[in-house]
Amino acid sequence: GRLTGAPEEKIYTEQIAKLFEKWGLKPALGSSYFHSFEFTSSVTAGKSNKLQFKGRLEKDLKLGEDYQLSSFSKSGEFSAAPVVFAGYGIKAPATEKIAEYDSYKDLDVKGKWVVILDYQPNPSEKELKQHLMSYSQLQHKVSVAKNNQALGVIVVSETGIKDLKFDGSFSESPLPVIKISTAAFTELLKKSDAPYKTFQDVTAQYENLKSTGGFVLNSQYLSAQVDLTYNKSTGRNVIGVLNPPHKSKKAKALIIG
């Protein structure tokens, strides 16, 4: 195997081009078999990142310890805004057998930071679990939050706080997306009028669908500055043409991707 843009890719593509030439395929792009393209290969955190809880909980969070950036987060400076908890952040429509699942039911998140749990609930019903899985990807959750006019998304993550991980997304999110530790989330709960006081209390209720909707974290605010650098690399495809082309419409060709 080889990573796109890696030195090994050049070796493999050169060998493939030689095989194409040996088999009688013609170069697709003038005299060359190669088609080069630029892509985002990695993301790194800049020096200007900042995350602060304000209100009842006054705390400067530490990058890599209390919080981490999502690699597809929108960059920029975001002033302090209220914080709302929205369960798993999922909106799944009803089917003939399954009722609607709506984390945003009766919850106003316009212009607010939405705190959501990572991944999805774990109900015992296999069909329901499979249904919710289709709506549980983080990028989809961010789109749902955006459609509900949220300012940004805060993901409570049990993993991935220490290092910034590139998830392969090539486009920036329409919202800032930040991951916080379960300990930071528990601090937020304890300083609010929330019905639950720890991360474990919340997951015990939401994981098995005892609760689905969210609640307001009274007098809690959050401000952020997101600074991400997108690193570019160049990869290349190898393209050959079957020659001469068949004039008959019934002729068949095998395309190998």
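In the predicted model, R56 is partly exposed, with a relative accessible area of 36%. The side chain of R56 forms a salt bridge with D193, in which the closest N and O atoms are 3.0 Å apart. Because R56 lies in the loop between β3 (50-55) and β4 (59-61), whereas D193 lies in the loop between α4 (182-190) and α5 (199-206), the pair ties together parts that are 137 residues apart in sequence.

This contact is one of four salt bridges that the structure holds. Side chains of opposite charge can pair when their charged atoms come close. A further pair is formed by R236 and E14, whose closest N and O atoms are 3.6 Å apart. Since R236 belongs to strand β13 (residues 228-238) and E14 to helix α1 (residues 7-23), this bridge ties together parts that are 222 residues apart in sequence. The two partners fall into separate accessibility classes: R236 is buried, with a relative accessible area of 18%, and E14 counts as partly exposed at 39% relative accessibility. Another salt bridge links D108 to K112, with 3.9 Å between the closest N and O atoms; here the acidic residue, D108, counts as partly exposed at 48% relative accessibility, while K112 counts as buried at 18%.

The strands β3 and β4, which flank the loop holding R56, also take part in an open sheet of eight strands, with the order β4-β3-β12-β6-β9-β10-β11-β5 and mixed pairing. Strands β4 and β5 (67-69) stand at the edges, each with a single partner strand, so one side of each is left without a neighbour in the sheet. From one strand to the next, the twist averages 30°.

At the β4 end of this order, a hairpin joins β3 to β4 through three residues. These two strands run antiparallel and are joined by three bridges, and the bridge partner of Q52 in β4 is D60. Strand β3 is likewise antiparallel to β12, to which six bridges join it, and F53 stands opposite L222 in β12. Parallel pairing occurs between strand β6 (residues 76-85) and strand β9 (residues 113-117), which are joined by three bridges; V84 stands opposite V114 in β9. Helix α4 packs on the sheet, where it touches β3, β4, β6, β9, β10 (152-156), β11 (177-180) and β12 (215-226), and the direction of α4 makes about 135° with that of β12.

In soluble globular proteins, nonpolar side chains tend to be buried together. In the present model, the largest nonpolar core has 40 residues, and those with the most contacts inside it are F85, W113, I178, I180, F185 and L217. Strand β12 gives the most to this core, with five residues. When neighbours within four places in sequence are left aside, F85 is in contact with L107, V115, L117, F185, V202, Y206, G214, F215 and L217. Two of these partners, F185 and L217, are themselves listed among the residues with the most contacts inside the core. Apart from this core lies another, of 17 residues, which includes A86, A145, A150 and V177.

Notes. Residues are numbered from 1 along each chain as its sequence is written. This is a predicted model: local features need pLDDT of at least 70, side-chain atom pairs count only at pLDDT 80 or more; totals for chains, interfaces and linings use all residues. Side-chain values use heavy atoms; hydrogens and water are left out. Helices (H or I, at least four residues) and strands (E, at least two) are DSSP runs, numbered from the N terminus. Buried means under 20% relative accessible area, exposed over 50%, partly exposed in between (1.4 Å probe, protein chains only). Two strands pair if DSSP finds at least two bridges between them. Axes are lines fitted to C-alpha atoms, for helices over the stretch in contact, and angles run from 0 to 180 degrees between N-to-C directions. Contact means heavy atoms within 4.5 Å. A nonpolar core is a set of buried Ala, Val, Leu, Ile, Met, Phe, Trp, Tyr and Cys residues joined through side-chain atoms within 4.5 Å.
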